[in-house]
Amino acid sequence: MELLFLYGPPGVGKSTLGAQLAQVLALPFVDLDAAIEQEAGRSIPQIFAEQGERTFRSLERRLLQRVIRQYQGTRGAVVALGGGALLDPANRMAAEAAGPVLVLTAPLEVLAQRLSQAPGSRPLAQNREALARLLAQRAEHYASFPRRLNVGDLPIPQAVAEAQIALGAFRLHGMGAGYDVRVVPHGLQHIDRFLAARNEWGPARALVTDANVHRHHVRHVLPRLTQPQGQVSVQVLQPGEVSKSLAVVADLWSAWAVAGLDRYSPVVALGGGVVGDVTGFAAATYLRGVPWFNLPTSLLAMVDASIGGKTGIDLPIGKNLVGAFHAPTGVLVDPETLSTLPTEEWRYGAAEVLKHGLIGDPRLLTLLQDGLRGLRARADEVVRRAIAVKVRVVNQDPYERTGLRAQLNAGHTVGHAIEAALAYRFPHGAAVAIGLVVEAALAAALGLSPADWPDQVAAWVRGLGLPTHIPRQVDWAAFRSAMQHDKKRRHGHVTFALPVAVGRVDVGVRVPEDVLEKTFEVWHE
């Protein structure tokens, strides 16, 4: 589960890419071919020439098994495999049991040109003709792996970014020691290993969830949290924004004290954005900070709320007005948990996916072209790509000190005002969807975007079955009042993060009140 394997033909760049990927993820890097040469005391061409391919494959098998054993129970490693390492079915089975395998590909001409710069280094691909035969022989084998990435014309930084997306492996820096975000299908089955590799297990630990998630998933998670021996204190919250309160946090503190949690006892949040926000805030303040892990189970939480270290609760006067930056020790995303979501929860999460596409990944907008049906069919890729956008932005500005992280507030100034005006009885995702449209309209009204920009954003929103207009129950006075208490105010002024084009969000924008009121009237039901 924890090792990340790079595989593919000779010359594709596994070693170069692997070393940089390992650096970004703060993991050890293992070049299996280099390890074989060190073990044998001679180069791979010498091994082939003097002892034959059979001896080489035997060494390869033994070294692969050693690497897997070495990194079991740790945060893992990035491993670059030789071009034929997984032709052996036993090797392939062992590698795929230890973690995802990403096959790197490139056109023949690119590979041949690279190999020509190091003649004699690849015994089975000495020239272009031999390389072409090798690729033909292994084409079906390489195609049998579900994760593949064409790196032929990608600059190394972009290839590293795309490899993270393909592998579902990310690392956030700049907030404490940093932490991993892993997207692992059926990952809840391995939660004990994920936690144990990142936290010293104590005799006491806690699990926080809500009533809906408890019904579907706790029976799978709880037995794994009791291993090794330990007691788990379980707190079940009422679903929804009502649980983002100081009273709920106080209940968690008391339960943890009774259960005997100390400063090293892990707290696990299993649920959507509310569960993560409340649990993280309680963890930030209990004993001045205890480790916590986030296991998001909703689309909205997976792609947005679970990442970035923001924790908090609401006050009656405004949303998220009390909180703390308290990074989780790790985030484990299991896309399989999305199968239990009702359709409306898919829609609400899709609003954040759309936001991330507008911020920095046009591919996400392509995946949303077929609406909710297309999103659900490609949910795993959607989750990984949306997470990548948030990780990239947060890593640039972990504590919102430069303004770059404020891009993630696109749609939220208007969205939070709608939620507050309706006493938090309106879904967050639906409010953000409306907010994206209204804030796109503000961008057009200020001359930052073309006049048809808000209609284009509205079309994306409608395609997901989400609302585009401010609900009729929200009048101008309530809307304006709610906005005055937005936590993003600066020196008494409300500022916006306006989506002005695909790939561009302008932050810190002040909108004249007359422009805001007129836009409100146009986009009010």
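Q: What makes two strands a pair?
A: Two strands pair if DSSP finds at least two bridges between them. In this predicted model, strand 7 (residues 179-183) and strand 14 (residues 330-333) share four bridges. Four meets the cut-off of at least two, so they count as a pair. Their sense is parallel. Within strand 14, Gly330 stands opposite Asp180.

Q: How many bridges join strand 10 to strand 11?
A: Five bridges join them, and the two strands run parallel. Leu270 has Leu295 of strand 11 as its bridge partner.

Q: Why is strand 10 called mostly covered?
A: Buried means under 20% relative accessible area. Five of the five residues of strand 10 are buried. Both faces are covered. Val267, Ala269 and Gly271 lie on one side, with Val268 and Leu270 on the other.

Q: Is Asn199 buried or exposed, and how do you know?
A: Its relative accessible area is 13%. That is under 20%, so Asn199 is buried. Asn199 sits in the loop between helix 8 (191-196) and strand 8.

Q: Which residues touch Asn199, not counting those up to four places away in sequence?
A: Tyr264, Pro266, Pro291 and Phe293 do. Gly330 is 131 residues from Asn199 in sequence, and 9.4 Å from it in space, C-alpha to C-alpha.

Q: Why is Gly11 counted as buried?
A: Its relative accessibility is 10%, which is under the 20% limit, so Gly11 counts as buried. Gly11 has its place in the loop between strand 1 (4-7) and helix 1. Between Gly11 and Phe293 there are 282 residues of separation in sequence and 39 Å in space, C-alpha to C-alpha.

Q: How does the reach of helix 1 compare with the expected value?
A: Helix 1 (residues 14-25) has 12 residues. From first C-alpha to last, the helix reaches 16 Å, close to the 16 Å expected at 1.5 Å a residue.

Q: Which residues of helix 1 are buried?
A: Lys14, Leu17, Gly18, Leu21, Ala22 and Leu25 are buried. Down the axis of helix 1, the buried residues fall within an arc of 135°, so they line one face. An α-helix has 3.6 residues a turn, so residues three or four places apart point the same way. Just after helix 1, Ala26 has a positive phi of about 55°.

Q: What order and pairing does the open sheet of five strands have?
A: The order is 2-3-1-4-5, with parallel pairing. Strand 2 (29-31) and strand 5 (148-150) each have a single partner strand, so they stand at the edges with one side left without a neighbour. Neighbouring strands are turned by 20° on average, direction ignored.

Q: How do you know that strand 1 and strand 4 pair?
A: They share three parallel bridges. At least two are needed, so strand 1 and strand 4 (residues 101-105) are a pair. Tyr7 stands opposite Val103 in strand 4.

Q: What do strand 12 and strand 13 form?
A: They form a hairpin, with two residues between them. Strand 12 (residues 310-315) and strand 13 (residues 318-325) run antiparallel, joined by five bridges. Ile313 stands opposite Val322 in strand 13.

Q: Which residues touch the most other members of the largest nonpolar core?
A: Leu299, Leu354, Val383, Ile387, Ile418, Phe479 and Phe496 do, in a core of 84 residues. Helix 18 (residues 428-445) gives the largest share, 12 residues. Another core, of 28 residues, lies apart from it, and includes Leu3, Phe48, Ala95 and Phe145.

Key:
Residues numbered from 1 in each chain as written. Predicted model: local features only at pLDDT ≥ 70, side-chain atom pairs only at ≥ 80, totals over all residues. Heavy atoms only, no water. Expected span 1.5 Å × (residues − 1). Buried < 20%, exposed > 50% of the residue type's maximum accessible area, 1.4 Å probe, protein only. Arc of directions from axis to C-beta. Core = buried A, V, L, I, M, F, W, Y, C linked by side-chain atoms within 4.5 Å. Axes fitted to C-alpha atoms, helices over the stretch in contact; angles between N-to-C directions. Contact = heavy atoms within 4.5 Å.
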